[in-house]
Amino acid sequence: MKVVGVGCGPGMLTAEAASVIAGASLVYGSARAIALARDVIPPGCEVHEITDYRSLRSLPAHAVVLSTGDPMLAGLGYLPGDVVPGISSLQVAFARLKVPLTKAAVVSAHGKDHARAVAEAGEEVLAGRVVFLIADPAFDVGALAAALPPLIRLAVCEDLGYPDERIAVGTAAEPPVPRGGLFVVVAGEF
């Protein structure tokens, strides 16, 4: 099996990823991942939208599994087989904000305990790191802001790589508010 990162938005498919997908006969992915790779999926390739993530471990060895962003950043990199990295939302957000990746601390709140993620993010910020928080649509940026010193900067990065990309920057005292459900949060001194 090959797990292939398709990037976090359109046009972010690497040459290596495109080559692996172009040689596939069986592809699995979320609707969004399939859409990002659609132009390189070969004619006649069997394509399935993932409905049960637990069953992915039992796919045949020739399957190509598409992962949005990079499979090793809260993606499908835990699956057996080879991993082809992709351009992650972390890379894009930090590039847009001009924050060195060496300052990053990754915290995931996607489908997880939001209160725990807020506490972990607060600890990382107080330790001098710039937190990259993987959110889900229900994540409350205000709760994160309330856990941080008022002058700490916060950025809500939405729809990264898409035409309607939006990056709103504020502080913990006046946090930016997400407009949609596809966003990440960057917090710290940047």
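This is a predicted model: local features need pLDDT of at least 70, side-chain atom pairs count only at pLDDT 80 or more; totals for chains, interfaces and linings use all residues.
Residues are numbered from 1 along each chain as its sequence is written. Local features need pLDDT of at least 70 and side-chain atom pairs pLDDT 80 or more, while totals for chains, interfaces and linings use all residues, and side-chain values use heavy atoms, without hydrogens and water.

Five strands form an open sheet with mixed pairing, in the order β6-β7-β10-β8-β9. Strands (E, at least two residues) and helices (H or I, at least four) are DSSP runs numbered from the N terminus, and two strands pair if DSSP finds at least two bridges between them. At the edges, β6 (104-108) and β9 (166-171) each pair on one side only. Strand β6 runs parallel to β7 (residues 130-134) over five bridges, and Ala105 stands opposite Val131 in β7. Helix α4 (residues 114-126) packs on the sheet and touches β6, β7 and β10 (183-188); contact means heavy atoms within 4.5 Å.

Six salt bridges are found in the whole structure, each a side-chain nitrogen of Lys or Arg within 4 Å of a carboxyl oxygen of Asp or Glu. One of them joins Glu158 and Arg166 (2.2 Å, N to O). Glu158 is buried at 2% relative accessibility, and Arg166 is likewise buried at 18%; buried means under 20% relative accessible area, exposed over 50%, and partly exposed in between (1.4 Å probe, protein chains only). Within helix α4, Arg116 and Glu120 lie four residues apart, about one turn of the helix, and their side chains meet at 3.3 Å, N to O. Arg116 is exposed at 55%, whereas Glu120 is partly exposed at 27%. Arg96 and Glu165 form a further salt bridge, with the closest N and O atoms 2.8 Å apart.

Notes:
Axes are lines fitted to C-alpha atoms, for helices over the stretch in contact, and angles run from 0 to 180 degrees between N-to-C directions.
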